[in-house]
Amino acid sequence: EDERDTALAIAAAVRACPDAMVYLKRGHAEVSMAWHHEDPQMLLKGRVDWLTTIDGCDVVVGLKTTRDLRPREFSAQAARLCYHWQWAFYFDGYERITGRMPVMVEIVVESAAPHAVAVYRITDHVLERGRQEYGAALAQLAQCEASGVWPGPVVGEVEFDLPGWAYPADEMTIEDAGEEA
């Protein structure tokens, strides 16, 4: 019941935001896409949250919740959770299917009341970074499928240490000792 109430409050906050409603007045929800990728050869699929057209321009709209939607904080979340991969992936898929380059917009709403809302237009350099990173991931996927070898995120034996903040300020870590040499 609490989750339902929160979801309804978030939806109401988004609907009350004039900047968000520019994109949500008309359009289609949860649009599925499928396209063929050239290098490596594979069928790719995605489902965009919302698809609309504004002033003759195609717009792919996403919706994300966050604890803090301020640009610095949300950009850190986006980087950590690889949202830029998704934005570039959907951009490329949409362009591949339609031959048109969409505008990418993310509507971001805070998960805690009063559920502040922001609308971010995703820039070309963010899309390019996402494209490079998801492209590398697709290449690794193709290599794993071809070889049958699926390495984990840590390969081989690795020396382990705690992060610097876990040590008292006056205690030197092994990494710090190496820097003084």
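Modeller: A salt bridge puts a side-chain nitrogen of Lys or Arg within 4 Å of a carboxyl oxygen of Asp or Glu. Such bridges link Asp 68, Arg 70 and Glu 73 in a network. The structure holds nine salt bridges.

Colleague: What should I know about the model and its numbering?

Modeller: The model is predicted; local features need pLDDT of at least 70, side-chain atom pairs count only at pLDDT 80 or more, and totals for chains, interfaces and linings use all residues. Residues are numbered from 1 along each chain as its sequence is written, and side-chain values use heavy atoms, with hydrogens and water left out.

Colleague: What makes Glu 38 and Arg 96 a salt bridge?

Modeller: Their N to O distance is 2.5 Å. That is within 4 Å, so the pair counts. Glu 38 sits in the loop between strand 1 and strand 2, and Arg 96 in helix 4, 58 residues apart. Helices (H or I, at least four residues) and strands (E, at least two) are DSSP runs, numbered from the N terminus.

Colleague: Why is Asp 58 called buried?

Modeller: Buried means under 20% relative accessible area, exposed over 50%, partly exposed in between (1.4 Å probe, protein chains only). Asp 58 has 8%, so Asp 58 is buried.

Colleague: Which residue meets Asp 58 in a salt bridge?

Modeller: Arg 100, at 2.5 Å, N to O. Arg 100 lies in the loop between helix 4 and strand 4, and Asp 58 in strand 3, so the bridge ties together parts 42 residues apart in sequence. Arg 100 is at 43%, therefore partly exposed.

Colleague: What makes a set of residues a nonpolar core?

Modeller: Buried Ala, Val, Leu, Ile, Met, Phe, Trp, Tyr and Cys residues must be joined through side-chain atoms within 4.5 Å. The largest such core has 24 residues, and Trp 87, Met 104 and Leu 127 touch the most other members. Helix 4 gives the largest share, seven residues. A second, separate core of twelve residues includes Ile 10 and Val 59.
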